[in-house]
Amino acid sequence: MPNLFHENEFVFNVLFEAVSECVIVVDQSQTIVANNTAAEKMFGYEKGELQNQHLNILIPKNYHPGHGSHFNSFYKKSSARQMGNNRDLNGAHKNGHQFPVEVGLNPFEFDGEKYVMAIVIDITYRKNSENKIRELNTLLEGKISERTSELNNTVANLKNEIEKRVKAESKLRKALKKEKELNELKTKFLSLVSHEFKTPLSGMLNAAVLVGKYKKTEMQDKREKHLLTIKNKVHYLDGILNDFLSVERLESGRVSYKFSNFKLSKVVNEVIYNANLMLKSGQHIIYPKDIDNIDLYQDEKILELMLSNVLSNAIKYSPENTKIDFKINIKGAIIIFKIKDQGIGIPLKDQKHIFNRYFRAENALTNQGTGIGLNIVKSHLESLGGTIKFESIENEGTTFIVELPIINKK
């Protein structure tokens, strides 16, 4: 585990610190091997104080006797779940006070060792809200009892109080549902991250080892082959990080678009150059080259990101020895990009979900991917006044159509 966090410190720091909730990773002996800043703030510790401490430091002493057996039982089953169903859980602050928490658990393996990742949420506010609702219910019941004898005035007052109660309970139910969905989404996110990074990092390590073995001049071709592998996997990881950072910015509303005048050919050439590094054997891209006269006033980097996402999907989900058509047309004040592949297509039953975050079609689960690229593209296009749609037939191919104003007037 230390190698995972030391050799890839930047990657995991970005991911851990991007999560606003407390994240803690423990090994089989319940020793804390990693945590983010949110964990230290929640439990009142200074930076680095939690490292190598036993998990019991964060659990009230009266829970210690039973917690060990609960942990061992979960560790053996090794399945992601929410901890503490039907019972209250509490965390222990450094200063000694206890506070209510909700815990999501997610097991994973690295280098043959098992670990458990926990997302901890302080639910003090929620508990206080529930207490207030109970107090309101008690108050309402008292008022109803008092005014039963005063029927003329009670009917109107009772109706008003009941409406307040229903609204308060409805608001609380919605808040609890949203919080639960968010917790499940973040647990899924961390599980996805651990899976998506493990494979390319292992491939890079293997390629680096092999490069070191080919020392003779006549082995240059083999060296270049493995160096290209490393380069491609770094490019892939960089894309994933950019996607995750884009999601965080979009969710927090911190996206600041930078509009400027630029040549469309500049963006297309950059997108095609990067896409060519990802091509499978025999794949080739057909794209227009006579576009030097097309100028746009848009966010150049965002346009490049959107086109790269769609084009990389076309490459990823198409077999070897196929072509990808990349066409560009102008219709009035709108520029239209069409990217058509000869790939696996999207099953009809999955098509309505294709722009949902983290969703992946049933026939694409064996391919690497996070399921957030198209969601990011759609979000940016909506902000920039554009649209994205697609036409797809399973096992025949998919065409994505992106429309964008030539001049952004926002």
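Helices (H or I, at least four residues) and strands (E, at least two) are taken here as DSSP runs, numbered from the N terminus. The model is predicted, and local features therefore need pLDDT of at least 70 and side-chain atom pairs count only at pLDDT 80 or more, whereas totals for chains, interfaces and linings use all residues. Residues are numbered from 1 along each chain as its sequence is written, and side-chain values use heavy atoms, with hydrogens and water left out.

A positive surface patch is formed by Lys323, Lys327, Lys331, Lys338, Lys340 and Lys389. Strand S10 (323–331) and strand S11 (334–340) are the elements that give two or more residues to this patch, and S10 gives the most, with 3 residues. Patches are made of residues with over 30% relative accessible area and no salt bridge, like charges being joined within 9 Å; a salt bridge is a side-chain nitrogen of Lys or Arg within 4 Å of a carboxyl oxygen of Asp or Glu, and the place of a Lys charge is taken as NZ. Accessible areas come from the Shrake-Rupley method with a 1.4 Å probe. Lysine 340, which is placed in S11, has a relative accessible area of 48% and is partly exposed, a class that lies between buried (under 20%) and exposed (over 50%).

Within H10, the buried residues are Gly373, Leu374, Asn375, Ile376, Val377, His380 and Leu381, and H10 is followed by glycine 385, whose phi is positive, near 80 degrees.

Two further positions were examined in other elements. Isoleucine 119, in strand S6 (residues 113–122), is buried, with a relative accessible area of 2%, and its C-alpha atom is separated by 6.7 Å from that of isoleucine 24, 95 residues apart along the chain. Leucine 227, in helix H7 (residues 220–252), counts as partly exposed at 44% relative accessibility; the C-alpha atoms of leucine 227 and alanine 208, 19 residues apart along the chain, are separated by 7.5 Å.

Technical notes. Patch = residues over 30% accessible without salt bridge, like charges linked within 9 Å, V, L, I, M, F, W, Y side chains within 5 Å. Lys, Arg positive; Asp, Glu negative; His and termini not counted. Buried < 20%, exposed > 50% of the residue type's maximum accessible area, 1.4 Å probe, protein only.
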